[in-house]
Amino acid sequence: MRAVGLHADVVVATSRVYQTTCTLVRSGSEAFCIDSPVLPDELEILPALAEQAGFTIVGLLATHADWDHLLGGYAFPEAPLGCADTTAARLINEPGAAQRELRAFDERFYVERPRPLALSGAQRLPVPGKVEVGDHELELQPADGHTEDGMAVWVPWARVLVCGDYLSPVEIPILNPGSSIAAYLATLARLESLVAQADHVVPGHGAPLDGTRAAAILREDRAYLEDLRERGAAAKLPLARRTGEQRRIHADNASTL
Ligand SMILES: [Zn+2]
């Protein structure tokens, strides 16, 4: 697992699988853990990483309800989970879905966990809205379109945007059942002004980006989605994201239209 400091108050760890990101954000004596790495050894080492950096984790945040972003409780079992009301609703309406998908991943790769994933009682945060950490506030913006739920987190004092599954350097936009191109494009439009102010953008998958690179990916993703809407399966993939796996994701996207 790679860990980088983006600011005195922001550390990002990137998982060895799916490059799923986990962002630790501190203000004073309190810190939040946003999303999670995936592998058990990465989750096990996270408390020591936080402690060494001087971050006391008092809460977990999840950008959306996909299983690979929800594993922070393995690292910080005492910390309560907060998420957008859309995400809390998804966790309630799809009971056990994240646990089933985690189990499928673990069975496929023979991964063992210390205990089952507990997700009950997630605290609902109003989005758009703010959440206090130490003497600062994180700003929460709706980010649906990849899934029907989600939020992006803006860290104003560090000029860092944690955007969930958008603006990835390694993955094309993924449309899940219940999501839509229109909602995805609306989220990109909302993110655009934050990206313009950001020193760093942390995508859900892939290494943190500087603002300029994130803005370029935003333009590529918008062009891809507009092309997908016009031409379906014939749409062109972004130049740097044309691997076999991304072509498979593109075929799935086209089939949802
Ligand atoms: Zn994801």
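This is a predicted model: local features need pLDDT of at least 70, side-chain atom pairs count only at pLDDT 80 or more; totals for chains, interfaces and linings use all residues.
Strands β11 (residues 160-164) and β12 (residues 200-203) run parallel and are joined by four bridges. β11 and β12 sit in an open sheet of six strands, while another open sheet is built from seven strands. The notes below go through the sheets, the metal site, the helices and a few backbone details.

**The six-strand sheet**

- The strand order here is β8-β9-β10-β11-β12-β13, with mixed pairing.
- β8 (129-133) and β13 (209-210) are the edge strands, each of them pairing on one side only.
- Val133 stands opposite His136 of β9.
- The two strands β8 and β9 make a hairpin with two residues between them, and Gly134 in its turn has a positive phi of about 55°.

- Five bridges connect strand β3 (residues 21-27) with β4 in the antiparallel sense.
- One of the residues to look for is Ser27, whose bridge partner in β4 is Glu30.

- Helix α1 lies across β1, β2 (10-14), β3, β4 and β5 (57-62), and it runs at about 35° to β3.
- Helix α3 (residues 85-93) packs on the sheet too, touching β6 (81-84) and β7, with its direction at about 105° to that of β6.

**The zinc site**

- Three protein residues supply donors to the zinc ion: His69 (NE2), Asp165 (OD) and His205 (NE2), at 2.1 to 2.2 Å from it.
- Their spacing in sequence is H-x95-D-x39-H.
- Asp165 belongs to the loop between β11 and α5, and His205 to the loop between β12 and β13, so this pair links distant parts of the chain, 40 residues apart.

**The α5-α6 pair**

- Helix α5 (residues 181-197) and helix α6 (residues 211-231) have axes that come within 10 Å and cross at roughly 160°.
- The two helices α5 and α6 are therefore roughly antiparallel to each other.
- Their crossing is left-handed.
- On the α5 side the contact includes Ile181, Tyr184, Leu185, Leu188 and Val195, and on the α6 side Ala214, Leu218, Leu225 and Leu228 are among the residues involved.
- By residue class, the contact of α5 with α6 divides into twelve nonpolar, one polar and five charged residues.

**Backbone details to check**

- The peptide bond from Val127 to Pro128 is cis, with omega near 0°.
- Pro128 is placed in the loop between β7 (123-125) and β8.
- Asp35 has a positive phi of about 60° although it is not a glycine.
- You will find Asp35 in the loop between β4 (30-34) and α1 (40-53).

Key. Residues are numbered from 1 along each chain as its sequence is written. Side-chain values use heavy atoms; hydrogens and water are left out. Axes are lines fitted to C-alpha atoms, for helices over the stretch in contact, and angles run from 0 to 180 degrees between N-to-C directions. Angles under 35 degrees count as roughly parallel, over 145 as roughly antiparallel, 65 to 115 as roughly perpendicular and the rest as oblique. A crossing is left-handed if the near helix is turned anticlockwise from the far one by less than a right angle, and right-handed if clockwise. Contact means heavy atoms within 4.5 Å. Ala, Val, Leu, Ile, Met, Phe, Trp, Tyr, Cys and Pro count as nonpolar, Asp, Glu, Lys and Arg as charged, and the others, Gly among them, as polar. Two strands pair if DSSP finds at least two bridges between them. Donors are N, O and S atoms within 2.8 Å of the metal (3.2 Å for Na, K and Ca); water is not among the atoms, so sites may look incomplete.
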